[in-house]
Amino acid sequence: MTEHEKAWRPEDITRLFVERSNAGDAAGVAALYEEDAVLAYPPGSRTVGREAIRALWEKVLADRPRFEPEEPLPTLVHGDIALTSTPPKDGAGARAQVVRRQPDGSWLRLIDQPEFAPPTR
């Protein structure tokens, strides 16, 4: 795997995700996840493992979508685990990730829920 910039704070992952996605770097996006990470995408399904996440992002990024940075909500940290989240710019739902500190002090995503829909009543 190519050497990529590491996330030294949990909040760095969102910025790195946007930069790598906009560059079409599926391997770089996948490098933000632990080897056995779980991504709840496409909606209603799960993509498990870094290699499967890379393959998924290769397909998504083939259409060259453009991602805009979203202002993160405050990060909740407990030891080596953190919860990061952002509200989408369109105001629909939320995004949340569980990240874990690695032995070298960097952070990687363990669980990623990129699309929460608001509850319907």
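## Start at Phe 17

Select Phe 17 first: leaving aside neighbours within four places in sequence, Phe 17 is in contact with Val 29, Leu 32, Trp 57, Phe 67 and Arg 109, where contact means heavy atoms within 4.5 Å. Before you go on, note that this is a predicted model, in which local features need pLDDT of at least 70 and side-chain atom pairs count only at pLDDT 80 or more, while totals for chains, interfaces and linings use all residues. Residues are numbered from 1 along each chain as its sequence is written, and side-chain values use heavy atoms, with hydrogens and water left out.

## The helix around it

Now extend the selection to α1, residues 12-22. Helices here are DSSP runs of H or I with at least four residues, strands are runs of E with at least two, and both are numbered from the N terminus. Is α1 mostly covered or mostly exposed? Mostly covered: nine of its eleven residues are buried, buried being under 20% relative accessible area, exposed over 50%, and partly exposed in between, with a 1.4 Å probe and protein chains only. Among the buried ones are Ile 13, Leu 16, Phe 17 and Val 18, and also Asp 12 and Arg 20. Just after α1, click on Gly 24, which takes a positive phi of about 75°.

## The nonpolar core

Next, select Ile 13, Phe 17, Leu 32, Tyr 33, Leu 39, Ile 53 and Trp 57 together. Of the 19 residues in the largest nonpolar core, these touch the most other members. Such a core is a set of buried Ala, Val, Leu, Ile, Met, Phe, Trp, Tyr and Cys residues joined through side-chain atoms within 4.5 Å. The elements giving two or more residues to this core are α1, α2 (26-30), β1 and α3.

Stay with Ile 53, in helix α3. Ile 53 counts as buried because its relative accessibility is 0%. Not counting residues up to four places away in sequence, Ile 53 touches Ala 30, Tyr 33, Ala 37, Leu 39 and Thr 47.

Follow that list to Ala 30, in helix α2. What does Ala 30 contact, leaving aside its neighbours within four places in sequence? The answer is Arg 50, Ile 53 and Arg 54. With 2% relative accessibility, Ala 30 counts as buried. For a distance label, pick the C-alpha atoms of Ala 30 and Glu 51: they are 21 residues apart along the chain and separated by 7.3 Å.

Then move along α3 to Glu 58. At 42% relative accessibility, Glu 58 counts as partly exposed. Its C-alpha atom is separated by 7.9 Å from that of Asp 25, 33 residues away along the chain.

## The largest pocket

Which element gives the most to the lining? Colour β6 (107-116): β6 supplies four residues, the most of any element. The lining divides into ten nonpolar, three polar and seven charged residues; Ala, Val, Leu, Ile, Met, Phe, Trp, Tyr, Cys and Pro count as nonpolar, Asp, Glu, Lys and Arg as charged, and the others, Gly among them, as polar.

## Two backbone stops

Most residues other than glycine have a negative phi, and most peptide bonds are trans. With that in mind, go to the loop between β1 and β2 (47-48), where Pro 42 is found. A cis peptide bond joins Tyr 41 and Pro 42, with omega about 0°.

Finish at Arg 64, in the loop between α3 and β3 (76-78). Phi of Arg 64 is near 55°, a positive value in a residue other than glycine. Arg 64 counts as exposed, at 53% relative accessibility.
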